[in-house]
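Please look over the structure shown here.

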Amino acid sequence: MKTIRTYNNIASKGLNQFLKDSYRVSADEAEPDAILLRSQKLHEEKLPKSVLAVARAGAGVNNIPVNDYTRQGIVVFNTPGANANAVKELVLASLLLGSRGISQSMQYVNSLADVTDAHELHKKVEAGKKAYGGGELEGKTLGVVGLGAIGAKVANLALSLGMNVIGYDPKLSVEAAWRLSSDVVKADNLNALLSRSDYVTLHVPAVEATIGFINNEAFSALKQGAKLINLARGELVDEDAVLSALDTGKLSYYIADFPTPKLIEHERAILFPHLGASTVEAEENCAIMAAKQLIDFLENGNIVNSVNFPTVSMERTTGYRITFANDNVPKVLGIVINLLADLNINVIDIVNKSRDDIAYNIIDIEQRPTAELLQQIANVEHVFQVRCV
Ligand SMILES: NC(=O)C1=CN([C@@H]2O[C@H](COP(=O)(O)OP(=O)(O)OC[C@H]3O[C@@H](n4cnc5c(N)ncnc54)[C@H](O)[C@@H]3O)[C@@H](O)[C@H]2O)C=CC1
Ligand SMILES: O=C(O)CCC(=O)C(=O)O
């Protein structure tokens, strides 16, 4: 029986992927084989030695100490693109919230709740409405920072609304480029995008290069009166810089799903809870994808959509499967193959891939590996994780 410890609310369609005969899944597993979570911060938690993998049902992995886990041989997965449509749709709402006085006018209407006479209410509503007009999106320019799963969808949507779209992504993958309309204009740097955009939307991960990158310098490059949408991570913006840009009017609205006490105080910060991915569809997509990836790893040793290990996947053959991870240095695989040869064990199929400092191998052999053989492989210098799956 394999065990999975869960954190947060994971959609039942995802949890149901784990067959009851083979898996126990709960928040209380003391020595789980794997962890399945959403936004729970793991930096302060000590994981039991039993944990082989952690799956984030979502895109961002800044709640997981990925580098520490890599050193411990723990494979970390995420679910690329599984919640991108949900975020895209909330960006659409944010664009509208930033262009018309929708939320402010709703507050105004709610403030009239004690006016019980319909005629009187109508008069007040009509008198007040001129304060909440706005502009249209069509013809305006949207700057999309980060053109991955979400950014590409947002860029394509904005084009369909008649907006001009500028994109900036210095690390754009080939797959992501394929998803992007050729009408998106490429900015060579962040400031070029900021200076030309009426709306800017952030879709980058919170990593060293992006934490606090929307700072005073970025705001000086920003077009006067632009609107900033941040449904990516609160850490991307320097909060004081946002507040001061709002105060001077450089930034006309800051719209985000990461409220903070200081931002809430500002009348031109439009804030909601961390809701970007909170749709039934996105939660199910993420949970199903994360669960399937964990199952494939635990049962077959395959690794797909990991953020720290190479993608390694091999169809099951009729044989027995050994997997092992090692430091990405020469000779390790050769030594393991020689071990098998010395024991007269025939190899049916093999795959070896590396990523940065890590190499990962799947070897299918004709006979069941003994505990002794697995131990011999574990003893090879630079090998740090061996399993028979
Ligand atoms: N509010 C919410 O509920 C959600 C927030 N997110 C956040 O959105 C982020 C993006 O999600 P996806 O589009 O699915 O990820 P993704 O990995 O598909 O795309 C991220 C893109 O950012 C680019 N990038 C990295 N560093 C950059 C930089 N310095 N400047 C410009 N571009 C840069 C990458 O090349 C990549 O194309 C996640 O990392 C997560 O933090 C994601 C889903 C839901
Ligand atoms: O699970 C969630 O609701 C948060 C989603 C998110 O922030 C992400 O996928 O990066």
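The report below starts with the whole chain and then takes up single elements.

## Overall picture

This is a predicted model. The protein chain holds 14 helices and 16 strands. Its C-alpha atoms fill a box of roughly 90 × 50 × 35 Å along the principal axes.

Of the 389 residues in the protein chain, 40% are buried. Take the contacts between residues at least 6 apart in sequence: 65% of them join residues at least 24 apart.

Five strands make an open sheet with parallel pairing. Their order is β2-β1-β3-β4-β5. The edges are β2 (23–26) and β5 (75–77), each of which pairs on one side only. On average, neighbouring strands of this sheet are turned by 20 degrees against each other, direction ignored.

Helix α12, residues 280–300, packs on this sheet. The helix touches β1, β3, β4 (53–56) and β5. Its direction makes about 165 degrees with that of β4.

Inside the sheet, β1 (residues 2–6) and β3 (residues 34–37) run parallel and are joined by 3 bridges. Across this pair, T6 stands opposite L36 in β3.

## The nonpolar core

In soluble globular proteins, nonpolar side chains tend to be buried together. Here the largest nonpolar core has 109 residues. Those with the most contacts inside it are A34, L36, A53, Y254, A290 and L294. Helix α12 gives the largest share of this core, 10 residues.

Which residues does L36 contact, leaving aside its neighbours within four places in sequence? They are I4, T6, I10, A55, A57, A290, A291 and L294.

Two partners run antiparallel to β15. Strand β13 (residues 320–327) is joined to β15 by 8 bridges, with T323 opposite I362. Strand β14 (residues 347–355) is also joined to β15 by 8 bridges, with D349 opposite D364. The hairpin of β14 and β15 has 2 residues between the strands. In this hairpin, D356 takes a positive phi near 50 degrees.

## Ligand 1

The shell around ligand 1 has 33 residues. Those that come nearest are G60, G146, G148, P205 and G276. By class, the shell has 19 nonpolar, 10 polar and 4 charged residues.

Helices α3 (84–99) and α6 (149–160) each supply at least two residues of this shell. The largest share, 3 residues, comes from α6.

## Ligand 2

Around ligand 2 lie R38, S39, G58, A59, G60, N83, H274, G276, A277 and S278. This shell has 2 nonpolar, 7 polar and 1 charged residues.

G60 and G276 are listed around ligand 2.

D296 lies in helix α12. It is partly exposed, because 16 other C-beta atoms lie within 10 Å. Leaving aside its neighbours within four places in sequence, D296 is in contact with N302 and V304. The C-alpha atoms of D296 and S313 are separated by 9.2 Å, though these residues are 17 apart along the chain.

Most residues other than glycine have a negative phi. N305 has a phi near 65 degrees, and N344 has a phi near 60 degrees.

Where are these two residues? N305 is in the loop between α12 and β13. N344 is in the loop between α13 (332–342) and β14. Their surroundings also have separate labels. N305 counts as partly exposed because it has 19 C-beta neighbours inside 10 Å. N344 counts as exposed because it has 8 C-beta neighbours inside 10 Å.

Terms used. Residues are numbered from 1 along each chain as its sequence is written. Chains are lettered from A and ligands numbered from 1 in the order in which they are written. This is a predicted model: local features need pLDDT of at least 70, side-chain atom pairs count only at pLDDT 80 or more; totals for chains, interfaces and linings use all residues. A residue is near a molecule or strand if its C-beta atom, placed from the backbone, lies within 6 Å of it. Ala, Val, Leu, Ile, Met, Phe, Trp, Tyr, Cys and Pro count as nonpolar, Asp, Glu, Lys and Arg as charged, and the others, Gly among them, as polar. Two strands pair if DSSP finds at least two bridges between them. Helices (H or I, at least four residues) and strands (E, at least two) are DSSP runs, numbered from the N terminus. Axes are lines fitted to C-alpha atoms, for helices over the stretch in contact, and angles run from 0 to 180 degrees between N-to-C directions. Two residues are in contact if their C-beta atoms, placed from the backbone, lie within 7 Å. A residue is buried if 20 or more other C-beta atoms lie within 10 Å of its own, exposed if 12 or fewer, and partly exposed in between; C-beta atoms are placed from the backbone. A nonpolar core is a set of buried Ala, Val, Leu, Ile, Met, Phe, Trp, Tyr and Cys residues joined through C-beta atoms within 7 Å.
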